[in-house]
Amino acid sequence: MNIILLGPPGAGKGTQARHLVETRGMVQLSTGDMLREAKTSGTEMGQKVAAIMDAGKLVTDEIVIGLIEEKLTSETGAGFIFDGFPRTLAQADALAALLAKVGQSLHTVIEMRVDDEALVKRITARSTCGGCGEVYNDITKPIPADGKCTNCGKENDFRRRADDNEDSLRTRLMEYYKKTSPLIGYYYAKGDLRPVNGLAGIEEVTASIEAILG
Ligand code: ADP
């Protein structure tokens with residue numbers, strides 16, 4: 001079963017994807033994570049995308065489609081969770097073609113609905129554990145007082161993303177509304193779209209997704 005988690009930055013896609021990986025053995029394909037990895041690896045591609053990402057703009061379709069293609073042909077598991085991909089109509093068409101090429105199809109597109117005010121609050125309060133990627137939030141899930149990650153136990157390695165600041169976030173939101181939100185209509189028309197309320201608590205959102213996936 002291959003699914004897409006679709007929603008604006010800060011909608012909780014990564015958090016829910018991690019849960020599906022743990023409970024169902026699915027494979028999370030996060031283009032954001034792949035690009036951040038490339039950024040720190042010092043490759044030519046990494047250098048090319050660093051400034052674009054930090055400013056909150058989208059990197060080119062060609063680059064992200066290439067990254068996804070590589071993973072689709074090399075990873076196996078109980079299905080893929082596309083997190084942060086596709087982000088443009090061209091990427092959506094490319095994904096359909098790539099899945100067809102490997103004899104697979106798309107099961108469901110989960111649309112995580114969150115209002116803009118909540119996004120800005122969530123993102124500017126966000127940090128992740130450098131050891132395992134567990135996501136914390138100053139308001140809803142603060143870093144433990146003893147400084148140890150509740151998931152992996154690593155001490156005092158909580159990181160904020162370079163693009164989790166207000167300026168970059170405004171650009172990310174603008175990119176989302178201009179280029180990614182048309183995908184909601186695209187997948188609705190295809191009959192694949194299932195909305196969930198991303199404003200609910202983490203467990204409640206998880207339960208809604210489980211109910212949809214069955
Ligand atoms: P968020 O959903 O919180 O904005 P991501 O980690 O998914 O964060 O993405 C971070 C950045 O990586 C984006 O702002 C963009 O620059 C780049 N990026 C990630 N996925 C894509 C994609 N599919 N197409 C183009 N750029 C992407």
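The paragraphs below lead through the strands of this structure, then the ligand and its surroundings, and finally one aspartate.

The model is predicted, so local features are described where pLDDT is at least 70 and side-chain atom pairs where it is 80 or more, whereas totals for chains, interfaces and linings use all residues. Residues are numbered from 1 along each chain as its sequence is written, and side-chain values use heavy atoms, with hydrogens and water left out.

Helices (H or I, at least four residues) and strands (E, at least two) are DSSP runs, numbered from the N terminus. Strands of a sheet pair through backbone hydrogen bonds, either parallel or antiparallel; here two strands are said to pair if DSSP finds at least two bridges between them.

Four bridges join strand 3 to strand 2 (residues 27–30), and the two run parallel, with Asp83 as the bridge partner of Ser30.

Elsewhere, three strands form an open sheet in the order 6-5-7, with antiparallel pairing. Strand 6 (135–137) and strand 7 stand at the edges with a single partner strand each, so one side of each is left without a neighbour in the sheet. Two bridges join strand 7 to strand 5 (residues 126–129), and across this pairing Cys129 stands opposite Phe158.

Next comes the ligand. Of the 19 residues around it, Thr31, Arg36, Lys57, Gln91 and Arg172 come nearest, a residue being near if one of its heavy atoms lies within 4 Å. The shell divides into seven nonpolar residues, four polar and eight charged; Ala, Val, Leu, Ile, Met, Phe, Trp, Tyr, Cys and Pro count as nonpolar, Asp, Glu, Lys and Arg as charged, and the others, Gly among them, as polar. Helix 2 (residues 31–41) gives the most to this shell, with four residues. An oxygen atom of the ligand is 2.5 Å from a polar backbone atom of Lys57, and an oxygen atom of the ligand is 3.1 Å from an N or O atom in the side chain of Arg161.

Arg161 leads on to Asp163, since a polar contact of 2.9 Å joins their side chains; such a contact is a pair of N or O atoms within 3.5 Å, and within protein one must be able to donate a hydrogen and the other to accept it, while residues adjacent in sequence count only if both atoms are side-chain atoms. Asp163 is found in the loop between strand 7 (158–159) and helix 7 (166–180), and at 8% relative accessibility Asp163 counts as buried.

Notes. Buried < 20%, exposed > 50% of the residue type's maximum accessible area, 1.4 Å probe, protein only.
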